[in-house]
Amino acid sequence: MKKYIILVLISMSAVFYTSCEEYLDKAPEQGLSEEEIFANADNFRLFFNAVYEGQFRYAGNDRELNLKPAFPLYFNYWDQKYTWEGITDAADQGRYMEGHNFKAGSVIGFVDKFINDGNRRPILKSMFACIRIANISKSKIDLVKDISEDEKNDLLGQIHFVRAFCHFELFRIWGPMPYLTKAMGPDDVWDVARLSKHETLIRVAQDMDTAYTYFELAGKVRRDPGPGQAGHLADPDQRAPNGVAAKAYKSRALLYAASPLNNELGATDWENAAKAAWEAIQLALNNQYALMT
């Protein structure tokens, strides 16, 4: 298993999204250094925003290579054979279909649909690619000259959120992975140990907490005015996460950490999860979000 993860990480090391890859490939030929590329705020956003809209070329068509393949609703839209429900319940909506191959232990079926399925949803590739984009962005953001402090804090909040989200989604399907906080280069040690299940979830929660801190500094605990106010749901960056989302995901990660499947601290894990959930609920209510009954 360890060798398998190392090979996956190596395969991800060269992954960039098509739009930014082409730009970065051409820039040195035009006499631009890496510092000059990232010194411009528009170029920096072009690079980072690939986590939301990045695509790659597959059989002559553009396919998603961003956060979307990990969204359950987006995942379910492709077909009924591989819905989240179909891969976790006892049957594929009453039919025996390919999903049963990996339910029965077939690695081939699982690998095909969740790692290499370029025609639809390459979740593993997308998550590691987004982690890499986030880590590169974090390491280069101080080079950006034409950016305000609020904009910088907002981007740092998004970077930490994206990194935590991707690690959490990898965990949900494959279990604990190495928690990558920098972009791996050719001179780095690639034999990175996986964390425990509990530690993985704690790291996700910590990254979400850091994201919240930056969102709060940027005034982005909520991005748009509340219901009934002008501009509600119309912020130019409405697709981006905010402080409320970061605290909600922290709560979710700590609830997973408290589960008997992952628990290492006994009642303390449950207490931490309860405190995080209450904090997330209060923050949501204070920012005019309605809770489901």
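Which residues is Asp269 in contact with, leaving aside its neighbours within four places in sequence? In this predicted model, they are His198, Leu254, Ala257, Ala258, Asn263 and Glu264, where contact means heavy atoms within 4.5 Å. Asp269 has its place in helix α14; helices (H or I, at least four residues) and strands (E, at least two) are DSSP runs, numbered from the N terminus. At 3% relative accessibility, Asp269 counts as buried, a term that means under 20% relative accessible area, while exposed means over 50% and partly exposed lies in between (1.4 Å probe, protein chains only). Between Asp269 and Ala257 there are 12 residues of separation in sequence and 6.7 Å in space, C-alpha to C-alpha.

The model is predicted, so local features need pLDDT of at least 70 and side-chain atom pairs count only at pLDDT 80 or more, whereas totals for chains, interfaces and linings use all residues. Residues are numbered from 1 along each chain as its sequence is written, and side-chain values use heavy atoms, with hydrogens and water left out.

The protein chain contains 14 helices and two strands. It has 293 residues, of which 48% count as buried. Where contacts join residues at least 6 apart in sequence, 63% of them link residues at least 24 apart.

The largest nonpolar core has 58 residues. A nonpolar core is a set of buried Ala, Val, Leu, Ile, Met, Phe, Trp, Tyr and Cys residues joined through side-chain atoms within 4.5 Å. The members that touch the most other members are Phe44, Phe48, Phe161, Val162, Phe165, Cys166 and Leu170. At least two residues of this core come from each of α4 (41–48), α5 (50–53), α10 (123–140), α11, α12 (197–218), α13 (243–258) and α14. Helix α11 provides the largest share, 13 residues. Apart from neighbours within four places in sequence, Phe48 is in contact with Ile133, Ala134, Ser137, Leu155, Gln158, Ile159 and Val162.

Asn153 also lies in helix α11, which spans residues 149–174. Asn153 counts as buried, at 8% relative accessibility. Not counting residues up to four places away in sequence, Asn153 touches Tyr214, Phe215, Leu217 and Ala218.

A search of the whole structure for disulfides finds zero, a disulfide being a pair of cysteine sulfur atoms within 2.5 Å. For Cys130, the closest cysteine sulfur is that of Cys166, at 4.6 Å, which is too far for a bond. Cys130 counts as buried at 0% relative accessibility, and Cys166 is buried with a relative accessible area of 0%.

Side chains of opposite charge can pair when their charged atoms come close. A salt bridge is a side-chain nitrogen of Lys or Arg within 4 Å of a carboxyl oxygen of Asp or Glu, and by this rule the count is 14. One of these joins the side chains of Glu169 and Arg172 (3.0 Å, N to O). These two residues are three apart in helix α11, so about one helical turn separates them. Glu169 is buried at 3% relative accessibility, whereas Arg172 is partly exposed at 27%.

Asp209 and Lys250 also meet in a salt bridge through their side chains (3.0 Å, N to O). Because Asp209 lies in helix α12 and Lys250 in helix α13, the pair ties together parts that are 41 residues apart in sequence. Asp209 counts as partly exposed at 25% relative accessibility, and Lys250 is buried at 13%. In a further salt bridge, the closest N and O atoms of Glu279 and Lys247 are 3.1 Å apart. Glu279 lies in helix α14 and Lys247 in helix α13, so this pair ties together parts that are 32 residues apart in sequence. Glu279 is partly exposed, with a relative accessible area of 34%, whereas Lys247 is buried, with 6%. Salt bridges with shared partners join Asp209, Lys247, Lys250 and Glu279 into one network.
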